[in-house]
Structure formats: C-alpha cells, structure tokens
Amino acid sequence: MSILEMEHVGFKVPSEQGEREIIRDVNLALEPGRLVVVTGPNGGGKSTLARLIAGIAIPTAGRILLDGEDITGKSVTERARAGIGFAFQQPVRFKGIRVLDLLRLAAGKELSVSDACEYLSAVGLCARDYIHREVNASLSGGELKRIEIATVFARGVRLSIFDEPEAGIDLWSFQNLIRLFKEMRGNIPGGTIMIISHQERLMDIADEIVVMKDGGVDRHGPKDDILPGLAGSPLAIGGCCKNGQGRLTKC
Amino acid sequence: MLKNMTDTIRGMLRELTGRDDFSGGAFNVRANGESSGRLSTDGIRIEPKPDGSGLDIHIAPGVKRDKVHIPVVITKSGIRETVYNDFHIGEGADVEIVAGCGIHNHGPQDSEHDGVHRFWLARGARVRYVEKHFGSGDGSGRRILNPGTEVYMDEGSVMEMEMVQIRGVDDTERTTTAELAANARLVVRERLMTHGRQRAISYYVVKMNGAGASADVVSRGVARDDSYQKFDAKLVGNAPCTGHTECDSIIMDNGKILAVPGLEANNVDAALVHEAAIGKIAGDQLVKLMTLGLTEQEAEEQIINGFLN
Ligand SMILES: Nc1ncnc2c1ncn2[C@@H]1O[C@H](COP(=O)(O)OP(=O)(O)OP(=O)(O)O)[C@@H](O)[C@H]1O
Ligand SMILES: [Mg+2]
C-alpha cells in the first residue's frame with residue numbers, strides 16, 4: 001500500500017479575477033521506503049503541494065490518504081502525530097526558544113543533550129555552539145535552515161518532507177546533507193522522504209522524480225527515466241535567474 | 001531558624017528565591033508584616049531603620065561575589081504595608097541582591113505591599129538585582145504590588161535588574177528611576193504576564209548625566225484575557241551617552257497594551273533608541289510547532305514560555 005496518495009487534489013484561492021487555481025487535479029502516490037524528489041519551475045506549486053500534505057492548506061477538491069486512511073479533514077497536529085514531518089522552505093524563528101527546546105519538542109520526549117547534539121552534528125553544526133542558542137534572528141539563514149532539517153530528522157517519522165533543504169547551505173555541508181538523506185532512508189524501515197529541490201545532485205540520489213508545473217504533475221517516474229530529460233534544462237534550476245550583470249537570463 | 005513559618009510561606013519563599021533556608025549568607029525574611037529572621041555577615045550588614053519603616057543594608061567596599069536575600073511574603077488577607085529598604089553599596093563591591101514579593105490572598109480583603117527600594121552604588125560597584133512578583137490564593141481580595149525603585153549610580157558602576165511578574169498580581173504600578181554618572185551602566189530586563197482583569201503599569205525615567213553612561217531597558221510582556229499593560233520608559237541623555245529601550249509584547253484575547261516611548265536628548269552626543277513591537281502570536285510559529293505534533297494550545301504555551309523565558 002502507498003504511504004501517501006493524492007486523488008484529484010485541487011487548491012483554489014480567491015483572487016482579483018475571482019479565483020486562482022494553484023494546484024490542479026494532482027494524482028500522486030508515494031511508496032514506502034522511497035526517496036522522491038519534487039522539482040519544477042518557481043511558482044509551479046511544489047511548496048503548496050507540501051503544505052496540502054501537512055495540512056497547513058486544505059484542498060478545495062480531491063482527497064489525501066495516509067496509509068490508506070483519508071486525512072483530508074485532519075488538522076496539522078493530527079497529521080504530524082500520524083507520521084508526517086515537514087521542514088519549511090522558510091524556517092520560522094522564535095524568541096526565547098532554544099535549539100535544544102525545539103529538538104525536544106520535535107522528538108516528543110526528554111532528549112538528552114548528547115542525543116540532541118547528534119542531530120545537530122548530522123546537519124554539520126558544531127553542536128556545542130548551537131544547542132543553547134535561541135532560534136531567533138541571531139541565527140544566520142544557513143544555520144536556521146540546518147536546524148529546521150535537524151528537527152524533522154529528530155522526529156523520525158515515516159513521511160518526511162523537506163522544502164528546498166539545500167537553499168542557503170554551503171557546498172561542504174551539501175555533501176553532508178546528501179549523506180544524511182541516504183542515512184535517513186536506511187534508518188526508518190518503510191519510511192519515505194520527499195525532497196523539494198532544484199539541485200541535480202539531490203535528484204541524483206532519488207528513486208523517483210516528480211516534476212510540478214503550473215500547479216499540476218507534469219511528469220513522474222523513476223529517476224533514470226526523468227533525470228536525463230531535465231539535466232541542464234532550465235527546469236532543473238527553475239525558470240530564469242540573474243546573470244552577473246543583473247539581467248534575467250535562462251541558466 | 002525562621003519564625004512563624006507555615007508550609008504556604010515556605011512554598012512561596014521557594015517560588016521567589018529557589019530556597020526556603022537562607023543560612024550561610026546575609027538575609028532578611030519578612031512575612032505578614034514582621035521579620036521572620038535576619039542575618040548579617042562580615043561584608044553585608046542589615047539593620048532595621050529606627051522608626052521601623054524598613055531596612056538599611058550596607059554592602060562593604062570591595063566585597064566580592066556576595067549575595068543577599070530579602071524576600072517578602074504575605075499570606076493574610078487585608079495586610080497593607082509600605083516598606084523602605086535602602087541599599088548602600090560600597091566602592092568596587094560586587095553583589096547579587098535577591099528580592100521579591102509573593103502575596104497569597106484567600107480572603108475578601110485586598111492585600112498590598114508597596115516596597116520602595118533605593119540603591120546608592122559607589123564608584124565601580126556592581127549589582128545584580130533579581131525581583132520576582134507573584135500572587136496566589138482564591139480569595140476575592142485583590143493582590144496589589146506597587147514597587148518603587150530609585151537607583152543612584154556613581155562613576156563606572158553597573159546595575160543589572162531582572163524583574164519578573166508572571167501571574168496572580170491583580171494590580172501593579174512600578175516606578176523605576178535611575179541617575180547615572182560617567183561610565184555607569186544600567187541594564188533592565190522586565191518580564192510580565194497579565195491575565196484576567198489584571199492591570200500592570202511600568203514607568204521608567206533613566207537620566208544619563210555623565211559621559212559614557214549607558215542604559216538598556218527591555219520589557220517583554222504578554223497580556224491575556226482582559227488585562228492591561230502600560231510600558232512608559234523615558235531615557236534622558238544629558239551627556240555623551242547611549243540609551244536603548246525596547247517593549248516587545250504579545251497580546252491575546254482582549255488584552256490591551258500601551259507602549260509610550262520617551263527619549264530626551266540634551267546633548268548632541270547622546271544616542272538614544274526606542275523600539276516597540278506589539279502583536280499577536282505569529283501564525284507561522286503556531287503552525288511550525290503544530291507540524292511537530294503539538295496542539296494549538298500547547299504550541300501557544302511553548303511560544304509564550306519561551307518569550308518570557
Ligand atoms: N495562499 C495563496 N494565495 C495566493 N497565491 C498563492 C498562495 N499560495 C501560493 N500562491 C501562489 O501559487 C503559486 C505556487 O506557489 P508555490 O510556493 O507552491 O511554488 P513553488 O513551486 O514552491 O515555487 P518555488 O520554487 O519558488 O519555491 C505561486 O504563484 C504563488 O504565488
Ligand atoms: Mg517553494
């Protein structure tokens with residue numbers, strides 16, 4: 001049985017022209033024990049898809065099933081407890097909550113300091129320096145991003161979703177990150193990892209690739225079928241980007 | 001040994017100071033309007049004022065890393081008192097002063113403690129002042145605390161004040177004034193939570209009179225239910241100095257918060273900054289914690305505990 005199934009899922013929001021369809025008729029099944037990378041151009045609907053799975057946004061059409069059970073009407077909390085983990089594209093900051101506190105909340109138990117340190121080391125942070133720091137504006141973007149990944153790692157749930165985990169992470173840590181995702185897959189039997197990414201090197205470790213475009217699933221299949229068609233294409237990095245002179249170009 | 005102790009009083013002392021036995025250091029414990037015990041040490045002399053209105057506390061020059069506890073507890077309904085405690089801190093002394101007041105009111109009459117603390121810091125003295133306030137008991141009488149604090153700081157002295165009021169105080173009006181000579185530094189961290197129909201008002205006037213003086217006054221507040229908070233902080237720069245005040249608040253339910261910034265620069269080299277932010281808990285903070293498996297209420301509690309931490 002699939003871990004996650006989306007059946008004809010749609011998501012519309014009110015707009016000036018009446019309504020805007022951000023996700024349209026998505027049918028997607030994720031199998032246990034797989035590493036799936038979701039890619040596609042900016043604004044294609046990847047983050048929205050993740051928010052629908054986590055329950056942060058509620059579909060305006062279709063159903064979402066977790067382990068065969070309909071969770072479409074379930075709250076964020078219920079879905080989290082049922083085994084969905086979600087690392088945000090833009091992590092949230094908290095005044096006064098320490099990294100250790102956040103890891104403990106994520107693990108759902110009295111994590112020892114040395115256990116907590118292991119999660120931080122896994123994302124390449126020198127644990128001693130960070131464990132007692134507040135998750136506030138004093139952390140750099142890359143530090144915050146890695147802490148966000150560590151919290152989902154600490155949850156150890158069956159479906160872990162990471163939204164652009166590579167964003168803001170330096171090259172050296174990136175190698176580490178790839179190792180971490182491989183390890184995670186091995187650690188949780190039947191656990192599925194969904195990574196939203198524009199990075200070819202992350203796609204390269206995937207079992208399957210999903211390409212989202214204009215709010216729908218454009219392509220979905222084994223890595224070896226999808227990746228060759230993407231490599232070097234604008235899709236792989238997403239639309240256009242700025243060149244050295246600040247002009248927009250395809251890259 | 002402390003006189004007139006009950007389990008309630010002991011519990012409140014622990015809540016205020018983390019302990020109910022103060023032997024081994026200087027202290028004065030005041031319970032229900034009278035002293036339950038007092039001890040002076042070589043470095044710290046505690047004397048009752050001749051008219052009985054409070055204490056004179058003398059901290060000898062050069063005392064290093066010493067500590068004095070002066071908690072106040074009220075467990076009888078209907079007590080109203082005003083107490084004047086004067087602290088004289090000698091040159092170069094380094095001391096921690098743990099004060100605070102707990103009111104347990106289970107009766108129909110109001111109980112009130114108005115503590116006036118005055119501090120004179122000699123040159124180079126360092127003080128860490130910790131003051132906790134809380135109320136408990138289910139009587140209809142209100143728990144009222146009106147602390148007044150005056151701080152006179154000589155050259156190069158440092159005062160750090162940590163003032164916390166987390167629950168149970170129905171009405172409080174806090175007035176803190178400070179005068180800073182050259183190179184003196186004042187740091188204030190105030191944390192406040194009000195609920196029910198509570199009212200909490202905090203006034204600060206900090207005058208920086210000497211070159212190189214600095215002040216940093218930061219308040220974090222959470223106003224829930226129908227409670228009201230006012231933070232009115234005025235910094236006056238009369239010399240080349242740096243000053244910063246900040247009011248950072250969360251409102252919930254029908255809570256109301258008024259932040260009144262006040263900066264007065266009377267010298268061209270006075271650099272003064274005021275920051276204020278008031279708002280409800282950010283939605284993405286709640287959602288983030290809910291994705292970790294917390295309910296909305298649990299998430300709210302974690303965010304507030306952290307914020308007031
Ligand atoms: N609540 C909303 N209201 C209006 N528009 C929205 C809302 N949520 C998302 N959108 C729009 O839907 C589109 C898809 O957004 P989404 O964040 O899912 O894209 P994405 O594929 O994650 O892009 P990126 O690669 O830039 O992260 C965007 O055009 C976005 O502006
Ligand atoms: Mg996105």
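The model is predicted, with local features requiring pLDDT of at least 70 and side-chain atom pairs counted only at pLDDT 80 or more, while totals for chains, interfaces and linings use all residues. Residues are numbered from 1 along each chain as its sequence is written, chains are lettered from A and ligands numbered from 1 in the order in which they are written, and side-chain values use heavy atoms, with hydrogens and water left out.

In chain A, the axes of helix α3 (residues 99–107) and α4 come within 10 Å and cross at roughly 95 degrees. Helices (H or I, at least four residues) and strands (E, at least two) are DSSP runs numbered from the N terminus; axes are lines fitted to C-alpha atoms, for helices over the stretch in contact, and angles run from 0 to 180 degrees between N-to-C directions. α3(A) is therefore roughly perpendicular to α4(A) (under 35 degrees counts as roughly parallel, over 145 as roughly antiparallel, 65 to 115 as roughly perpendicular and the rest as oblique). Contact, defined as heavy atoms within 4.5 Å, joins A:V99, A:L100, A:L103 and A:R104 of α3(A) to A:V113, A:A116, A:Y119 and A:L120 of α4(A). By class, this contact has 7 nonpolar, no polar and 1 charged residues (Ala, Val, Leu, Ile, Met, Phe, Trp, Tyr, Cys and Pro count as nonpolar, Asp, Glu, Lys and Arg as charged, and the others, Gly among them, as polar).

Helix α4 (residues 113–122) of chain A also has its axis within 9 Å of that of helix α6 (residues 141–155) of chain A, with a crossing at roughly 125 degrees. The two helices are therefore oblique to each other. On the α4(A) side the contact involves A:Y119, A:L120 and A:A122, which meet A:I147, A:A150, A:F153 and A:A154 in α6(A). The contact of α4(A) with α6(A) has 7 nonpolar residues, with no polar and no charged ones.

Around ligand 1 there are 14 residues, of which A:N42, A:G43, A:K46, A:S47 and A:T48 come nearest; a residue is near a molecule if one of its heavy atoms lies within 4 Å of it. Polar side-chain atoms lie 2.8 Å from a ligand 1 oxygen atom for A:S47, 2.6 Å for A:T48 and 3.3 Å for A:E164.

In chain B, B:P261 belongs to strand β20 (residues 256–265). Not counting residues up to four places away in sequence, B:P261 touches B:A233 and B:H274. The C-alpha atoms of B:P261 and B:E246 are 8.7 Å apart, the two residues being separated by 15 residues along the chain.

Notes:
Polar contact = N/O pair within 3.5 Å; in protein donor to acceptor, adjacent residues only side chain to side chain.
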